[in-house]
Amino acid sequence: MTAFSQLLISGILIGSIYALMSIGLTLVFGVLRVVNFAHGEFLMLAMYGAWGITQVLGLNPYWGLIAIVPAMFLFGAIVHRLIVQPALDKPHLVVVFATMGLSIFMQNVALMAMSADLRDVPPVFAQSVIIGPLYFKAELLLGFVVTLVCTVALQWIIRKTYLGKAIRATVQDGEAAMLMGIPVPHIFLITFAGGSALVGLAACIMLPLFSVFPTVGLNFVLIAFVIVVLGGMGSIEGALLGGICVGVVQSLSGYYIAPAFGQMFFFILFLLVMIFRPNGLLGQKGAANIGMNS
Amino acid sequence: MSFFLRLAIFALSLFTITAGPVAAQEPIRIGVLLPLTGPFAKNGLENWEAMQIARDMINERGGVNGRKIEYLQGDATNPNAAISETERLITREGIKITTGSFASPLAIAVSQAAERNGVFHWETTGAAEIITRRGFKHTFQVGAPARKYGQAAVDFVVEDLAKRLKKPVADLKIALLWENRAFGKSVGDGIRAYVETKKIKLVYDEGYDQFATDMTPIVQKLKDAAPDVLIAISFPNDAILFQRKAKELNLNVAAFVGVSAGYSSPDLRTSIGDMVNGIFVADFPPKVNPNVLKPETRKVADEFYKRYEAKLQRPPAGHAAAGFSAIWALFTEVLPKAKTFQPDELREIALKLDLPEGSLVNGSGIKFTNFDWADDTKDAGQNLRASIGVWQWTKQGNEQVFPPKLATHEAIDVPMPDWNKR
């Protein structure tokens, strides 16, 4: 029973970290309806940034948030302006190849600039949090809280603010929104940059947990894609649920079946969801075409 | 006047033209294939430094029978690049001797290209058994084969750790954790077969995906199995994730033995800090007890370590020391006896080598197989006297602890203190 509780809760915690890293991807998909294949490399870049800040200033990586989140917002805006926007009115494959090219480019630049070495930061909290027979890394608990806050805050922005209303209008009918005076290209830009900023946030939370190296994005991007589709493409609370599902399935299958199968079991879960709920757990009908839930 | 001056210059130039080849003989050109870019680059570049030190040292001593050594570099980033770079050096540069290549997949590729072109390949650190089991005639692997890594780990547990843990070997609970790709699996298979011959049962034996992002299930399973000794074969990223998770979930073992790769990388300490202290590593020895070395080898070793540390500000890792040891043996034991430098002649010289352990800087000797080894008659060119042992991460650096004759230090921290006391 102890083992089960440990695995379940650890799975939920690590799953929430996966969710945090996927929210940016689902947001961009929900609004722009493009898939950013360089998402993992955005994460890599932001992790290097946070690592650089801890090295140069000697601060813990959470302080890096103050610089990394705006920096990634700016980076996202530049990528959108130079690569994504020109491809938006072209056939869908153009964006796919453009972002994929960007992904390979970023990996290799990182390899040249940073070499293949693993970079790490020392743990922020020296000891695990112990609850009865269970052990948890404080960094994971903190990540869980940040993910919850982030999901709620994002929901609030989308439901309650003017920007959120404009985003929803753009998703529902871009042309009508434009006629109503909503600057749709700006909304796209802000959403893409915002998604990128969220990756920056995730990177700072993940740095004390994972090493950073040029291909670190590849370890996570597949998980992020699964979570986005599993949760319902464009659904933010769906991403949270999807992330937790992946974390728990990974943790339990590794223990009760075998860790050698790696990602196989959450792909089985993924297939099952796709067969029985093709729009994902919380996605609306036709999510792949419509985007974010209205 | 000007006529005489011209005549003098003409005479002088004639003299230099004819005297040239006599004064400075042609250098011996060797192709060095190492991963200088890409994911293996870090270790490849360290090996390259060690190789350069060897070249400088031999040239300062007057070269090989008066001929200087010259290197031609090939960048063996991956197996495909390794093949094309080897072929480039052979066909365009006319190289007759190649060396390198740090990692097994690269060694397999380089030796294949060399053999196809009838070129002599002197492998320094590749480990896969297959390298010398393809019937090649001109490939010689100076470093230890893969099975020896695991055997060293098991021998250490049986002959040393059991005593320190005050338990009979039969009562010792040993767990084996391996990453499930080529290297981890082949070492894991070797260990499993070897412990069976020692009548030891493993309490846990499982492979895992090297790219796993969560180690919770593995650590939890190990907590259930509660082994005394854990032997793990990992790469750097998963080794770090595993150690952090072990600390988080408070998995304590009396001794931890990592095998090569992830646990021997000098960066492990930069990544996980003092958590490395006490971990044992079965691998090439980075530095052995000087008493086992022949007196002349000891002098060479001293010079190598001094130069390496001066250049890189840290002592060499085991693979760099192995790279130096192997290439130095080529310079001092093989090439001086050659006249034609043709691959067949070099092969004959290599096969005649019979150097006792302690002849090379890292404690190895040399005796190659030639389709005559009792355990596998398909094996040719494998060095049966390559040293491999176990060293330990200590507060100051690392110390060789096994086998006893190579040891610089006694094993400490057995049993390992629990996480909350570290």
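This is a predicted model: local features need pLDDT of at least 70, side-chain atom pairs count only at pLDDT 80 or more; totals for chains, interfaces and linings use all residues.

Visitor: How many residues of domain 1 of chain B are in contact with domain 2 of chain B?

Guide: 10 residues of domain 1 of chain B are in contact with 10 residues of domain 2 of chain B. Contact needs C-beta atoms, placed from the backbone, within 7 Å. The domain 1 side has four nonpolar, four polar and two charged residues. Ala, Val, Leu, Ile, Met, Phe, Trp, Tyr, Cys and Pro count as nonpolar, Asp, Glu, Lys and Arg as charged, and the others, Gly among them, as polar.

Visitor: Strands next. Is E8(B) buried or exposed?

Guide: Five of the five residues of E8(B), residues 229-233, are buried, so the strand is largely enclosed by the rest of the structure. Buried means 20 or more other C-beta atoms within 10 Å of a residue's own, exposed means 12 or fewer, and partly exposed is in between; C-beta atoms are placed from the backbone. Strands (E, at least two residues) and helices (H or I, at least four) are DSSP runs, numbered from the N terminus.

Visitor: Which way do the E8(B) residues point?

Guide: Val229(B), Ile231(B) and Ile233(B) point one way, and Leu230(B) and Ala232(B) the other.

Visitor: What does E8(B) pair with?

Guide: Five bridges join E6(B), residues 174-179, to E8(B), and the two run parallel. Pairing takes at least two DSSP bridges between strands. Ile174(B) stands opposite Val229(B), and Leu176(B) has Ile231(B) as its bridge partner. E9(B), residues 255-259, is also parallel to E8(B), with four bridges. There, Ala232(B) stands opposite Gly258(B). The chain goes from E8(B) through helix H8(B), residues 236-248, to E9(B) in a right-handed β-α-β crossover. Right-handed means that, with the strands pointing away from the viewer, the path from the first strand over the helix to the second runs clockwise.

Visitor: Helix H8(B), then. Is Lys245(B) buried or exposed?

Guide: Lys245(B), found in H8(B), is buried, with 22 other C-beta atoms within 10 Å. Not counting residues up to four places away in sequence, Lys245(B) touches Met215(B), Thr216(B) and Val219(B).

Visitor: Switching topic. How many residues are in the largest nonpolar core?

Guide: It has 212 residues. A nonpolar core joins buried Ala, Val, Leu, Ile, Met, Phe, Trp, Tyr and Cys residues through C-beta atoms within 7 Å. Those with the most contacts inside this core are Met47(A), Ala203(A), Ala153(B), Val257(B) and Val390(B). Helix H1(A), residues 2-32, gives the most, 15 residues. Both domains of chain B give residues to this core, so it lies between them.

Visitor: What about chain B against chain A?

Guide: 27 residues of chain B are in contact with 27 residues of chain A. H7(B) supplies the largest share of the chain B side, six residues. By class, that side has 10 nonpolar, nine polar and eight charged residues.

Key: Residues are numbered from 1 along each chain as its sequence is written. Chains are lettered from A and ligands numbered from 1 in the order in which they are written. Two residues are in contact if their C-beta atoms, placed from the backbone, lie within 7 Å. Domain bounds come from an automatic or database domain assignment.
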